[in-house]
Amino acid sequence: MKNLLKPQWLFVVNVVPILLLFLLLKSNYDIISSLLDEESLKVWHYLGIALIILGISNLGYALFLIYRKKRISLYYGVLSLIFTILFLYGFAKYSYDLIYTVPRWLVSNDIEIYPWTFLMPSLFYSLLTIIINLTPADKKINVWKNFLFALIVPVFWFVVIQVIVPLRLKLPYDFNEHIMIIFIICNVLIFFFFLIRGIYLLMLRKSEYWKKYQLLWRIIVALVLPILGLYINNTSFSDKSGFPYDKEGIFGDFNNYWFYILAVLNGILICIPELKNKQARLFLFLGRSLTFTHTFYFFLVFIPFLPLSIFAIVAVGAGFLMLAPLILFLLHIQILSNDFLFLKNHYSKNTLRISSFLCFLFLPLCITLVYLNDRKNLNLALDYVFTPDYSREYHINTKSLSQTLKTIRYHKEKNSISVLNSHNIPYLSSYFNWIVLDNLTLSDSKIETLDKIFFGETQEERDSRRSSSRNERINRDSIKISHIDTKTRFDLNQKAWISEINLELTNPTDLRNSEYQTTFELPDGC
């Protein structure tokens, strides 16, 4: 485990992610910079400079350690943790000045969580370096005490939410804004310090207990938790109206059946025990490399929300599922590493690396080809309607066009400042907008024209029809007026009688939260 303190790791978890974050933010800045006011430009420049300093510092420190042949120190872990948290706090505090003064569709769907996605690995690695430096490998340390201390944190917050919050204490504004944030950050760090330390100690010991029940843990981590997480996300927070087009989830729209297929396939491949046959092991290694894209994707999606897992555990009870992508990511890497160590005795290392990387790129390539086809199909429909070539025969995929127009319409209408876009597929929706639309959009008139021509009605007409269908199911007979109270007074200013009629309605059936509808015929003059 001491190999994790090699300075080369800083390139993987710090330098490269910071560079990617800088390029993504710069691409959005280049689009909206002409629309920003002076104050917003200053915020962009300050955060950009801070990010550059953060990246250069990590790069310089890594090169210095490589030159001096030294390992990462405890002091680096502490300083990196502090400065990364300060940057994230600054980004969160001034995020309104960064993007919300311009039309929302001009920037990426996921721009609010970019820093959390690309800097969270740095945070956890800083925490890991602190743990390794403070945990001697030859010293007996109680593993379960660390898990117990980690468990105390969500229990503490449960008590706070159940006991302290209802008291509605009137605290000073400065305390609420700053001290409380620092207090929460410290609790999150304590929770993950002891949780990661407990996992680290377990990995050091490699006890027979864990080897004996290895298959059981793999089934739970690789099969049960991912499928359960998808199911809860797609059902617990979905629209209750009963219409399939309103499906959504709190972390994103993962209703596509391919998410379930890949989750099951990935779980099966991980649960297969290590084979001794070199050819069978090679195919297993390549299959695991292919589905590692799925594991890596959900790791990216959930890593910004890991600090919230404490409060999700308290509030929802299934918040531990937010930790599942991280655990699965570590497990998948460990299994791939074991496969590589076995296969390198039979095959060339470079052959294994190249073939594994090509398998990893397979799913992104398939998604790219689908989006390129959507782009071609949309441009074909636009040409057919607005600039037709009468000598040409057009073949347009209406299913693809319908989904494309739906995505464009939502992207134009979204105004929420929440980082949770339940209608979007995290990162993939942004990739879709880049590939299909060149980060542009269509005018409302063009969208309505395409709707009318290819689907016979506009989105507004479809919504109206669905609303009417829903209203037909609303109860009109069971709800009765049980009491009427009237008050009448003469208004001297208006020189008119004003009446207030209060109706008390009763639902005599056992149906709770049932909807009702009725029409009031008002007399003339009312």
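Here's a quick briefing on the protein shown above, from its overall make-up down to a handful of residues.

Keep in mind that this is a predicted model. The protein has 19 helices and 2 strands, and 40% of its 526 residues are buried.

**The big picture**

- Take the contacts in the protein with a separation of 6 or more: 76% of them come from residues 24 or more positions apart.
- The protein exposes about 31400 Å², and carbon and sulfur atoms supply 64% of that area.
- Two cysteines to look at are Cys271 and Cys359. Cysteine 271 has a relative accessible area of 11%, so it's buried. Cysteine 359 is buried too, with a relative accessible area of 17%.

**The nonpolar cores**

- The largest nonpolar core holds 101 residues. Inside it, the residues with the most contacts are Trp44, Phe192, Leu378 and Leu450.
- Helix H5, which runs over residues 114-134, gives the most to this core: 12 residues.
- Apart from that core there's another one, made of 6 residues, including Val221, Leu328, Leu331 and Ile335.
- Leucine 450 touches Leu378, Ala381, Leu382, Val385, Phe386, Leu405, Leu442 and Phe455, leaving out residues up to four places away in sequence.

- Leucine 382 is found in helix H15. Its relative accessibility is 16%, which is under the 20% cut-off, so it counts as buried.
- Setting aside neighbours within four places in sequence, leucine 382 is in contact with Thr387, Leu442 and Leu450.
- Leucine 382 and lysine 446 are 64 residues apart along the chain, and their C-alpha atoms are separated by 8.5 Å.
- Isoleucine 132 sits in helix H5. With 1% relative accessibility, isoleucine 132 counts as buried.
- Isoleucine 132 and leucine 74 are 58 residues apart along the chain, with 8.6 Å between their C-alpha atoms.

**A closer look at helix H10**

- Helix H10 covers residues 257-271, which makes 15 residues.
- At the start of H10, a side-chain oxygen of asparagine 256 comes to within 2.9 Å of the backbone nitrogen of tryptophan 258.
- The buried residues in H10 are Phe259, Leu262, Ala263, Asn266, Gly267, Leu269, Ile270 and Cys271.
- What covers them? The cover includes helix H9 (214-235), helix H11 (278-302), helix H13 (324-343), helix H15 (362-386) and helix H17 (428-437).
- Asparagine 266, one of the residues in H10, has a relative accessible area of 1%, so it's buried.
- Not counting residues up to four places away in sequence, asparagine 266 touches Thr291, His294, Thr295, Leu328 and His332.

**Serine 356 in helix H14**

- Serine 356 lies in helix H14, which spans residues 349-360.
- Is serine 356 buried or exposed? It's buried, because its relative accessible area of 18% is under the 20% cut-off.
- Serine 356 touches Phe285, Leu286 and Ser289, again not counting residues up to four places away in sequence.

**Two lysines with positive phi**

- Lysine 69 isn't a glycine, yet it has a positive phi of about 55 degrees. You'll find lysine 69 in the loop between helix H2 (38-68) and helix H3 (74-93).
- With a relative accessibility of 76%, which is over the 50% cut-off, lysine 69 counts as exposed.
- Lysine 495 also has a positive phi, near 55 degrees, in a residue other than glycine. Lysine 495 lies in the loop between strand S1 (480-491) and strand S2 (496-506).
- At 68% relative accessibility, lysine 495 counts as exposed.

Methods
Residues are numbered from 1 along each chain as its sequence is written. This is a predicted model: local features need pLDDT of at least 70, side-chain atom pairs count only at pLDDT 80 or more; totals for chains, interfaces and linings use all residues. Side-chain values use heavy atoms; hydrogens and water are left out. Helices (H or I, at least four residues) and strands (E, at least two) are DSSP runs, numbered from the N terminus. Buried means under 20% relative accessible area, exposed over 50%, partly exposed in between (1.4 Å probe, protein chains only). Contact means heavy atoms within 4.5 Å. The expected span of a helix is 1.5 Å times one less than its number of residues. A polar contact is a pair of N or O atoms within 3.5 Å; within protein, one must be able to donate a hydrogen and the other to accept it, and residues adjacent in sequence count only if both atoms are side-chain atoms. A nonpolar core is a set of buried Ala, Val, Leu, Ile, Met, Phe, Trp, Tyr and Cys residues joined through side-chain atoms within 4.5 Å. Accessible areas come from the Shrake-Rupley method with a 1.4 Å probe; for residues, only the protein chains shown count as cover.
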